[in-house]
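Dear colleague,

A summary of the findings follows it.

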Amino acid sequence: MKYTNLPHTDIEVSNICLGTMTWGRQNTEEEGHEQMDYALEQGINFFDTAELYPIPATKERYADTERIIGNWFKKKKNRDKIILASKIAGKAEMTKFIRTTGINRDTIKLAVEGSLSRLQTDYLDLYQLHWPDRTTNYFGKRGYKHSINDHWEDNIHQILEALRDLVREGKIRHVGISNETPWGAMRYLEESKVHASLPRMITIQNPYSLLNRLFEVGLAEISHRENLGLLAYSPLGFGTLSGKYLGGRKPENARVTLFPNYNRYSSEPAVRATEKYYDLAQENGLSLAQMALAFVNSRPFLTSNIIGATTMDQLKENIGSIEVQLSEEVLKGIEAIHNEIPNPAP
């Protein structure tokens, strides 16, 4: 395994982070525990979860993933070996069963306390805002439509104050954002610069893959200049970059097969791009999954690559990508495909 530090800290994290959002829906608790055991054995010390998980989110399964992790900590008594990240859900139609008031001082406190209880821990190493409450473009939206009635920026100071109080209480150590735009990232950073008592956002968890490199437009510069580390999610695009859906296949128990509305990475341009990436991987003796993950692993703005799996074979292949070094020929091939079909899955 390879390691780096969470930006602005001395906390060492593995460059591969274990994602958990299938546990409690596509995976049983036993399977989740098996994945954590194996990941830790392979040197992964960074786990990412959220109160929203498992997905698709339902009232009946609310926060079951955190409970599965908490039971593992209780059984293994190894909380000190893991850098643990979780998230508060933003305001949305799909989260009305959690809360309808969005992210504010009161909901942050309640959400953190709920996560700590379920995870059976006294603290979270990283606490993230899962997505913005404001109207903006994320979760597959290409364009931005402004609402003159949206004054969400007024909440930023209040949110950071609430997070600061929880840091002071020792319940969270550091804070991050997720599914954010360049404007949102800089507003949080500037607010903490102007008000020195407020915590600084140190990471941004956004989608990044061969099918979605929009992070490179605006956010990559912020990442370098402000030392805001990317935690890349969906590096395999809901599994499409394993190639398992090519040719119209619908593998049993696969995410897009089970939940066809998860079609963010299944558009016609995305399928064409995936076919080209698959051919490139085959020509160079690589699996498409490992080529796709190795590409993400190689990015200079990356802090950690969040991988997920529903089977142990998938997990082993995904973790093994840390050993794959892509040749200049492969990297040039990737750029050629990207230039032909840029960002087909925003």
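Does Glu275 count as buried, partly exposed or exposed, and what is its relative accessibility? Glu275 counts as partly exposed because its relative accessibility is 36%, where buried means under 20% relative accessible area, exposed over 50%, and partly exposed in between (1.4 Å probe, protein chains only).

This is a predicted model, in which local features need pLDDT of at least 70 and side-chain atom pairs count only at pLDDT 80 or more, while totals for chains, interfaces and linings use all residues. Residues are numbered from 1 along each chain as its sequence is written, and side-chain values use heavy atoms, with hydrogens and water left out.

As to confidence, the protein has an average pLDDT (the predictor's confidence in each residue, from 0 to 100) of 96, and 99% of the residues score at least 70. The lowest mean pLDDT among the elements, 89, belongs to helix α7 (residues 255-258), and the highest, 99, to strand β4 (residues 46-48). Helices (H or I, at least four residues) and strands (E, at least two) are DSSP runs, numbered from the N terminus.

Glu275 lies in helix α8. Together with Asp279, Glu283 and Glu329, Glu275 forms a patch of negative charge on the surface. Helix α8 (residues 268-283) supplies the largest share of this patch, three residues. Such patches are made of residues with over 30% relative accessible area and no salt bridge, like charges being joined within 9 Å and nonpolar side chains (Val, Leu, Ile, Met, Phe, Trp, Tyr) within 5 Å.

Turning to salt bridges (a side-chain nitrogen of Lys or Arg within 4 Å of a carboxyl oxygen of Asp or Glu), the whole structure contains 25. Three of them may be noted here.

- Asp64 and Arg67 form a salt bridge at 2.9 Å, N to O. They are separated by about one helical turn, because they stand three residues apart in helix α2 (residues 64-76).
- Glu161 and Arg105 form a salt bridge at 2.7 Å, N to O. This pair links distant parts of the chain, 56 residues apart: Glu161 is in helix α4 (residues 155-168) and Arg105 in helix α3 (residues 105-119). Both residues also belong to a network of salt bridges with Arg164 and Asp165.
- Arg213 and Glu335 form a salt bridge at 2.9 Å, N to O. Arg213 is buried, with a relative accessible area of 4%, whereas Glu335 is partly exposed, at 28%.

Finally, Leu126 in strand β6 (residues 124-129) is buried, with a relative accessible area of 0%.

With kind regards

Methods: Accessible areas come from the Shrake-Rupley method with a 1.4 Å probe; for residues, only the protein chains shown count as cover. Lys and Arg count as positive and Asp and Glu as negative; His and the chain ends are not counted. The place of a charge is taken as NZ of Lys, CZ of Arg, CG of Asp or CD of Glu.
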